[in-house]
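Good morning, and thank you for making time for this presentation. Please have the sequence and the structure open while I speak.

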Amino acid sequence: MADRLPMVDKLWFILPEVALFLGVVVIFIMGLSHSKRVRDMLPMITCLSLAVAFGLTWWVYEGSRGQTLLSVNPNLMLMPMVGKYVKMSACAIGIILAMVSVGSVDRRLEAAVAAGHLPFDPIRANRGEFYAFFLLSLMGVMLTCNANDLIWLFLALELTSLPTYIMVAISRPPRVAQEAAVKYFFLGAMATAIFLYGFALLYGSTGTMILTEMQRAFAAQAKADVVNSFGIIGMILAMLGICFKIAAAPMHFYAADVYEGAAAPVTAFLAFVPKTAGMVAIILLLTTLGWSGHPSTGLPEPIMTTLWMIAVLTMTLGNLGALLQRSVKRILAYSSIAHSGYMLIGVIAGPANNGINAVLFYLLVYGIMNTAAFAVLAALERRGQEIETMEDLAGLRIKHPGMAVVMAIASGSLLGVPPLLGFFAKLYLFIAGIQAGQIVLVVIAGLNTAISAWYYLGLVTLPIMAKPSAQSETIVRSPFPWPRIAGIVTAVAVVVLPLFLGPLIRASQAATTPASLTTGVTISK
Amino acid sequence: MNWAADSCAFFAAVQPLGQLALSHYLITSAALFAIGLIGFLSRRNMIIMFLCTELMFQAAAIAMIAFSRFHLDVSGQVFVIFILTVAAAEAALALGLVVLLYRRRETLNADVWSELRETPTP
Amino acid sequence: MTAALLLIVPLLGAAALVVAPARHAKWIALVASTIAFVLSIIMAVRFGPLWTSREFNQIGWVGLIDAFGIRLSLGADSVSMLLVLLTTMLMPLCIWGSFSSITQRLREYYGWMLVIETAMVGVFIARDLIFFYICFELTLVPMFFLIAIYGAENRARAAYKFFIYTFTGSLIALAGLLYIAWQYAKSRGYHWSFDIETLTTFATDMSATEQAWILLALLAGFAVKVPLFPLHTWLPLAHTEAPTAGSVVLAAVLLKLGTYGLYRFVIPMIPLAVVEYAPVIAVLAIIGILYAALICWVQNDMKKLVAYSSVSHLGFCVLGLFALNPLGVQGSVLYMLNHGLSTGALFFLVGMVYERYHTRDMDQMGGLCNRMPVWAFFMVFFVLSSVGLPGLNGFVGEFLCLIGAFTASADNASYPGVLGPWYAAVASVGMIFAAMYLLIMTGKVVWGPLKEPGGHGHAGASRAHGSTLPADLTLREIGVLTPLAILCIYIGVQPSPITTVLGPPIDRILGNYPETVERLAQPDLRPEHDVIQVSGIEQGEPAVSGHQHYSGGADG
Amino acid sequence: MTEAVQLSLGSGWLAAVDAARSVIAGPSWAGWILWLPLISLVLCGVCAALKIHTKLPAWITVGSLAISFVVIVALYMSYRQPMEIPLLDWFNLNWRSNDGQAGSFVAGFAFYVDKLTLLWMLFVTGLGTLIALYASEYMEPDVKRGYARFFAGISVFLFAMSCLVLADNLVMLYLGWEGVGFASYWLIGYYYTRPSAVAAAKKAFIVNRIGDLGLALGIWLIYYNFGTVEYANAQGTGLFQILASGSYKHEAGGWSIQAIPFLLMLGAFGKSAQIPLYVWLPDAMEGPTPVSALIHAATMVTAGVYLLARMLPVMELHPAALPTVAWIGGLTALLAATIGMAQYDIKRIWAYSTVSQLGFMFVGVGVLTTYGAAFHVFTHAFFKAVLFLTGGAVMHGFAGQLDIRKISGLRHMPGWQITAWTMLVGCLCLAGFPLSSGFFSKDEILAQVFAVHRPWLGFMLLFTALLTAYYTFRVWFRVCAGPVSYEMGEEHHGHGDDHHHGKADTGHKAPPRHAPPAHVAHQPHPPRFAINFVLVVITVGAIISTFSGSWVMDKVSHSSAAVLHAADSHEHHPGWVPWLAGTIAVAGIVVAWHFHLASRKSADALRARLLANPLTRWLPTAMENKWYVDEFYEWMIVTPLWIFAHALYLFDRYVIDLLFVDGVARLPKWMGRSFQPLQNGVLQSYAVLMAGGVGLAILLVVVLMPHLRPWLIGFFGGGG
């Protein structure tokens with residue numbers, strides 16, 4: 001073992017997280033300041049710190065010191081380069097999410113203070129806490145990808161989800177947000193307990209917490225063809241626990257209610273951040289179990305079967321659920337469940353068939369598409385309330401042509417209509433799935449996409465073609481311009497990015513070609 | 001004084017946990033987990049539900065300690081420390097939330113909170 | 001380079017439309033589509049020797065999305081060149097034809113028309129599987145919007161059904177296509193390539209069971225578009241609701257994507273499955289011919305009648321295609337062109353009546369030739385062209401398809417086939433039904449005493465109050481119909497230049513069919529599980545032989 | 001060119017066929033026969049477009065027809081042996097498969113001229129010119145409305161007919177075949193404001209199309225068996241050349257080669273209105289009279305006879321083919337004659353008589369006397385044209401009156417003598433009065449029937465000849481002879497038939513029906529010079545045609561339709577046949593004289609007695625209602641098909657669309673609804689479901705995994 005303690009080397013790679021933490025501290029303090037101008041600066045600082053973290057990640061990984069550290073100690077981390085890709089995409093989407101959430105927290109309190117009815121009372125103001133937790137949760141995601149042992153992984157996952165419970169609670173005043181928070185918290189706690197127990201069994205079966213060593217232990221057991229029941233059960237429990245984060249099959253029940261209850265920016269946040277953390281965690285865990293290690297079939301059959309079942313159930317329940325909804329947020333909730341199902345195809349395909357690159361690429365693309373859809377909801381309001389049902393969207397084209405086009409592009413891309421980015425992400429997943437021999441799974445995913453055409457077409461036709469209904473007459477722009485800008489930026493990204501597909505996919509491929517993965521064969525060029 | 005070496009020596013002298021003893025611990029931790037889970041599912045009171053999640057956390061901690069003792073590897077116990085801290089964080093958060101809800105609905109019953117649901121469409 | 005330009009010009013036009021004021025929209029669209037037409041003519045002229053060569057003309061490629069090995073390469077053989085010319089020729093006419101019928105949301109309308117033109121041209125000149133699929137699906141989006149925004153009463157339902165029906169089909173076809181690409185990649189050590197040419201040479205060596213599954217998948221995608229018999233129910237609904245120019249584009253070109261897909265993917269790539277299931281598909285086509293023809297007979301909505309008639313006509317096209325001999329396939333390609341011209345024109349004519357009387361119900365109107373003699377002339381002309389009167393274009397395609405199917409029996413000398421005289425004989429009964437329902441329609445609408453909808457045959461007080469169109473055709477409308485009429489006569493009288501041009505590519509595609517048919521004819525040699533040694537195909541890398549295990553072939 | 005003469009049915013034609021092998025290239029100026037009608041079509045179209053309200057289109061058409069007649073005569077003069085004149089290539093596909101097998105399908109615009117073609121083209125263009133001249137005056141009242149359209153139709157017809165007759169291959173023949181059908185659709189539907197005319201036009205085209213289908217199937221079978229559709233070509237791979245060389249027998253399969261003659265027969269019967277498909281010809285009388293005269297009496301309907309004559313070698317492929325033709329011809333002749341007897345409308349009677357005479361011609365072809373058939377075609381063309389044109393003149397003069405009971409004593413009316421006497425000549429020829437042209441041509445056929453020992457068919461034809469004589473003179477005695485009395489048709493002055501013809505000009509209101517048209521002429525106006533001149537010329541032609549027997553024989557014997565040498569056939573003809581035929585004709589005339597001139601009352605009395613007696617009531621009613629054949633077709637074919645079509649449409653809309661497509665579409669929504677109760681919003685229920693999910697997963701892994709291991713490896717293997 002190298003004489004240097006691995007932990008010290010790894011500190012270098014968490015520099016971006018440290019930058020974020022500084023941001024968090026500053027935001028906490030500024031949140032309490034009496035002057036409105038300072039409080040309005042909070043989103044700006046969030047974006048600033050995220051930008052700094054973005055730059056730092058690039059510098060950390062590409063810089064000379066980073067490269068030497070990686071080359072000197074290959075199994076410093078299980079998948080070292082994943083961090084670069086995930087951190088940068090998390091920061092980028094984080095900036096957009098921050099823009100979307102401008103002005104949604106403490107709306108009524110700030111208005112009252114501005115109107116002079118209420119003196120500013122730091123105790124009641126949550127805007128500071130909201131943005132702080134926003135950054136903390138993003139920090140959690142960034143930490144997950146550097147995890148090389150179970151403890152770090154557990155802490156990172158908790159750091160991701162705990163702040164989100166609070167964000168849901170303080171996102172908007174009405175009772176329904178608190179109900180969502182309660183559900184989210186308790187079910188989250190239960191899921192955490194389950195995957196914690198899983199970690200315990202994993203530790204028990206391999207005797208080590210370090211993922212790289214665990215990988216060797218599993219490989220050794222596989223070669224000796226020992227059926228390690230504790231390990232398998234532990235892995236299943238861990239995965240099911242983490243499925244709560246990505247809202248996959250058995251653990252997806254909370255998603256619809258929580259997404260509907262929380263405010264649109266928070267729901268956008270929930271749909272992306274915990275999902276990324278969960279996906280990265282599952283990838284790390286399954287890599288220990290070893291696509292590479294296991295001689296015969298990549299993942300051992302029990303895991304493969306469970307994953308297959310989860311993927312199919314998630315896709316189907318997600319799509320079937322969405323068909324019946326009238327509320328746009330509930331539709332987007334079910335669509336997020338369905339998209340987790342699609343991503344699991346990539347996970348099943350495994351790194352040998354570019355499955356992991358496909359999942360990572362899909363995460364980024366899903367982040368962009370989903371945020372675009374939620375930006376539209378955040379950008380418009382009716383009598384101070386967020387727009388909820390499909391009737392609100394009817395005939396949006398007449399008064400808000402921009403937002404109608406953004407919604408159409410977002411749902412078109414979520415559906416996977418060719419020229420838009422979503423199609424290429426889904427195509428990459430399908431190619432990975434077919435390359436892994438999962439023809440049946442890809443066909444099921446194809447049929448699910450077809451079923452999803454119903455509600456996505458609904459989201460396209462209502463704003464563009466339907467006649468405005470009584471409700472949609474009174475819809476007006478929200479006083480804050482930022483969500484609309486975020487919507488337009490993401491829509492443009494969805495339309496323009498297919499032209500730069502090459503570099504994006506090469507980046508996602510670079511994420512999974514560290515030394516430790518022996519059979520990482522990439523798609524040519 | 002190289003306390004690190006001494007501690008290793010101390011451990012070295014201790015025999016690793018027997019297979020049979022390990023199973024006893026695992027059974028207790030599994031039972032504890034089950035109790036926590038059933039309590040979580042059945043009890044209506046939110047505080048009790050939270051306590052049941054704590055139970056589940058502790059069950060995992062016991063298993064962790066048992067395995068650490070079995071493998072003579074200290075990282076299991078280090079993990080337990082972190083489990084405790086996280087559990088404490090969740091407790092703080094849970095109580096905060098419960099107080100918020102109590103102020104809203106004057107009851108701790110979890111079933112009250114079920115407006116967000118799907119009304120069966122025709 | 002002109003091919004890439006051909007794709008970009010309509011897109012630039014659409015982009016310009018977004019900026020331009022509404023009243024200039026139609027002129028910009030017309031200019032853009034005419035430029036595209038001129039470009040396609042330049043491309044055709046410069047197509048040079050390839051018109052008659054057996055090779056495939058690789059027009060050029062843009063390594064845009066080369067991450068997956070997709071090289072967005074464009075290329076055309078004479079069949080796709082003809083279909084491109086059909087598309088680019090029809091587009092200006094459609095745009096010019098819809099000047100008076102579309103009054104609001106002009107920019108969007110013409111924008112979508114230009115986008116659909118790019119997509120259609122993209123499909124025909126795509127040499128890359130994924131680029132083909134992108135354009136194939138991209139045609140759905142503008143068509144969906146055209147029907148959903150500018151359609152008639154229950155346009156939303158029609159647009160939904162059209163989109164989802166075809167979208168599902170094409171997704172299953174994508175799975176089939178990806179399976180072929182995967183097998184190819186696997187046999188080449190995972191160097192993915194989506195080039196249609198290499199995949200075609202590779203796919204022919206796949207085992208019979210694999211090819212059967214792929215046939216099912218590809219049929220699911222393309223048969224919906226053709227529309228083959230059981231999957232045709234979306235067409236009448238989509239046609240009756242689509243605006244005039246929309247249904248002209250839908251009938252003239254979008255249906256040809258299905259048959260072009262069959263021609264480009266099904267026939268060359270999976271010969272074993274095609275030979276085995278050609279009779280089944282031929283029977284479906286024949287049922288389609290007679291079934292749709294009889295239904296046309298009882299229709300009283302003109303547009304639905306013409307829609308069902310295109311279902312019946314394309315049955316001939318598919319029958320010709322699966323005759324698997326040069327006569328049949330040349331006939332079906334000719335049929336694609338002719339159906340585009342005559343049915344496109346028929347939809348224009350029905351649209352012109354709809355603009356004036358706002359009804360398509362044949363029972364409400366009669367003897368319009370008293371009121372609109374020029375319209376009546378064109379109506380009778382194009383009815384006769386689609387009835388298949390010799391001397392006009394319909395006859396040429398229909399005759400070749402039927403004679404192809406007729407001579408596609410097992411004991412034919414040069415091209416033994418799997419169909420036979422009985423298939424063609426039953427299908428040719430469709431010619432009688434075609435005459436029946438089209439002439440009954442003409443009899444009701446064109447001839448007879450004058451009866452105008454909404455008022456008995458007095459001076460056109462009853463004519464649509466809103467429409468400013470004079471009774472008979474305006475110069476613009478005549479301008480739209482005359483080129484189609486001239487083309488109909490030209491192809492009808494002089495098909496030989498087209499048939500000589502179509503010869504080489506069709507010979508290339510049907511190259512190894514006689515052998516496959518003979519091989520499948522003797523039961524003992526039928527491949528049960530793995531693949532039999534297939535003689536080298538005359539161009540491209542040597543076919544990899546002996547496919548028990550997928551050893552890496554020595555492929556460039 | 002040896003004139004080997006064998007009497008036996010089969011081999012006789014071989015000698016004549018080898019004449020086809022030595023085909024020389026003909027003069028290219030012959031192409032003008034085809035281009036002239038096209039030019040006149042285009043010019044008439046231009047006239048229609050420019051709304052020229054003069055008789056210009058008539059002169060253009062007559063001019064072009066005359067020139068093409070002159071070209072035909074020039075071609076006839078310069079004719080030495082069968083000629084091949086390629087004009088334009090139409091279908092020209094040739095291919096080569098991988099294993100070297102080459103194939104081709106060549107069918108161009110080219111002429112194959114032999115004596116049979118010349119014979120047919122002569123009387124087609126000749127009569128065409130004359131009748132076009134007649135029509136120029138007859139259609140005069142329509143000058144403002146459809147004049148150009150009418151003459152465009154005539155030019156299309158001539159173009160198509162010349163394509164058909166001059167065709168060098170079967171596909172160009174098919175073009176002419178359908179083109180002629182289209183021309184008759186165009187011209188029958190000329191009075192398009194009359195629903196009955198439109199229906200008749202549609203019926204004509206569709207029934208023709210059924211016949212054309214037979215022809216098309218025949219052509220494909222010929223291509224399928226012989227690999228070519230051309231009659232004769234330079235490389236010697238023409239149809240006749242293959243037949244002559246006899247090399248086809250062993251290649252082709254059994255049934256397909258035998259079926260060819262029957263399919264060609266179906267095509268011929270469709271076009272020449274024989275038993276199964278004759279229903280369209282009587283309705284075709286809705287068209288203007290010149291059309292009936294030219295197309296539906298003289299030229300188009302003989303296309304079927306031409307086809308069978310041209311394709312005689314092919315008809316030999318099945319021994320029973322020609323006898324069937326003979327029997328169907330005979331039966332049609334009898335049936336049409338019985339119906340013709342009981343009609344009252346002059347044009348309908350002549351229509352049925354045409355069907356009957358065509359039956360005779362097919363008998364001629366059937367019993368292998370193509371000479372007899374061609375001779376009858378030639379003579380029939382003339383005298384039937386006369387009858388139709390005189391009928392037209394009567395209708396023209398009496399403002400659309402055609403009912404034989406309403407006009408009589410035409411002979412005595414001033415100015416109508418020419419019409420009456422020319423009609424008499426026509427009737428004499430039609431009835432087969434001894435020494436008339438009809439007598440000689442019909443006698444040829446009758447004699448040949450008995451020569452080939454078919455007594456039953458012979459006596460049936462003799463009985464038909466009797467009926468023919470009766471109904472021909474029934475018309476003459478009713479209309480021309482007897483006391484002068486007439487009732488004007490309610491048709492106002494001018495043209496058109498016994499109905500109101502709406503003159504709905506664009507924008508001009510159609511006159512109301514009930515008001516009596518002011519200027520109805522009370523006096524029938526006799527035909528003027530143009531009509532009389534044409535009548536006289538054609539009557540002279542009819543008389544001359546009696547002596548053209550030998551000329552026709554020469555034409556027929558030197559073409560692919562040659563069968564027996566004229567000289568020998570006469571010896572075998574039983575001598576008594578002409579005498580019997582002559583006496584029968586005279587007897588028919590006497591009976592007609594008795595009933596329709598001497599005592600017209602007795603005819604009505606006889607009819608009344610027949611109707612009274614229940615046993616024989618069916619006879620007159622059935623005959624007047626054309627044996628209910630139309631109703632039979634309607635009931636047996638059209639209505640069941642209509643009901644089946646409705647059933648299909650309902651099936652398409654409800655079963656395929658609603659049940660399958662929408663059903664499958666509703667499936668996801670229904671399944672979604674069944675999962676919906678799970679989301680009841682209660683925290684604990686979610687927790688239970690989640691715990692249940694986890695438990696199930698663990699159960700699956702622990703319990704089931706060991707058993708499922710092999711299957712799962714199979715299912716999930718593959719990858720990696």
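Which elements are among those that cover the buried residues of α8 of chain C? Before I answer, please keep in mind that this is a predicted model. The cover of those buried residues includes α5 (129-138), α7 (155-187) and α11 of chain C. Helix α8 itself, residues 196-203 of chain C, is mostly covered, with six of its eight residues buried. Those six are C:Ile196, C:Leu199, C:Thr200, C:Thr201, C:Phe202 and C:Ala203.

Let me stay with chain C and turn to a single side chain. C:Phe144 belongs to helix α6, residues 140-150 of chain C. C:Phe144 counts as buried because 25 other C-beta atoms lie within 10 Å, and the cut-off for that class is 20 or more. Leaving aside residues up to four places away in sequence, C:Phe144 touches C:Ala159, C:Phe162 and C:Phe163. As for C:Arg107, its C-alpha is 16 Å from that of C:Phe144, and the two residues are 37 apart in sequence.

I move now to the domains of chain C. Chain C is divided into domain 1, which comprises 1-171 and 234-260, and domain 2, which comprises 285-556. In the contact between them, 31 residues of domain 1 meet 35 residues of domain 2. On the domain 1 side, the elements that give two or more residues are α3 (78-97), α10 (234-241) and α11 (244-269) of chain C. By class, that side of domain 1 has 16 nonpolar, eleven polar and four charged residues.

Two packed helices are described by the angle between their axes and the distance between the axes.

The crossing of α5 past α6 in chain D is left-handed. From α5 of chain D, the contact includes D:Gly153, D:Val156, D:Phe157 and D:Phe159. Their partners in α6 of chain D include D:Met172, D:Leu173, D:Gly176 and D:Trp177. The residues of this contact of α5 with α6 in chain D divide into 15 nonpolar, three polar and no charged.

In the second pair, helix α18 (residues 437-451) and helix α19 (residues 455-479) of chain D pack at an angle of about 155°, with their axes 8 Å apart. That angle makes α18 of chain D roughly antiparallel to α19 of chain D. Their crossing is left-handed. Here D:Lys442, D:Leu446, D:Val449 and D:Phe450 of α18 meet D:Pro455, D:Leu457, D:Gly458, D:Leu461, D:Leu462 and D:Ala465 of α19. By class, the contact of α18 with α19 in chain D has eight nonpolar residues, one polar and one charged.

I close with two backbone details in chain D. D:Ala273, a residue other than glycine, has a positive phi near 50°. D:Ala273 sits in the loop between α9 (254-271) and α10 (280-283) of chain D. Is D:Ala273 buried or exposed? D:Ala273 is buried, because 30 other C-beta atoms lie within 10 Å.

D:Trp627, which is not a glycine, has a positive phi of about 50°. D:Trp627 is found in the loop between α25 (618-624) and α26 (629-675) of chain D. With 14 C-beta neighbours inside 10 Å, D:Trp627 counts as partly exposed.

Terms used: Residues are numbered from 1 along each chain as its sequence is written. Chains are lettered from A and ligands numbered from 1 in the order in which they are written. This is a predicted model: local features need pLDDT of at least 70, side-chain atom pairs count only at pLDDT 80 or more; totals for chains, interfaces and linings use all residues. A crossing is left-handed if the near helix is turned anticlockwise from the far one by less than a right angle, and right-handed if clockwise. Helices (H or I, at least four residues) and strands (E, at least two) are DSSP runs, numbered from the N terminus. Two residues are in contact if their C-beta atoms, placed from the backbone, lie within 7 Å. Ala, Val, Leu, Ile, Met, Phe, Trp, Tyr, Cys and Pro count as nonpolar, Asp, Glu, Lys and Arg as charged, and the others, Gly among them, as polar. Domain bounds come from an automatic or database domain assignment. A residue is buried if 20 or more other C-beta atoms lie within 10 Å of its own, exposed if 12 or fewer, and partly exposed in between; C-beta atoms are placed from the backbone. Axes are lines fitted to C-alpha atoms, for helices over the stretch in contact, and angles run from 0 to 180 degrees between N-to-C directions. Angles under 35 degrees count as roughly parallel, over 145 as roughly antiparallel, 65 to 115 as roughly perpendicular and the rest as oblique.
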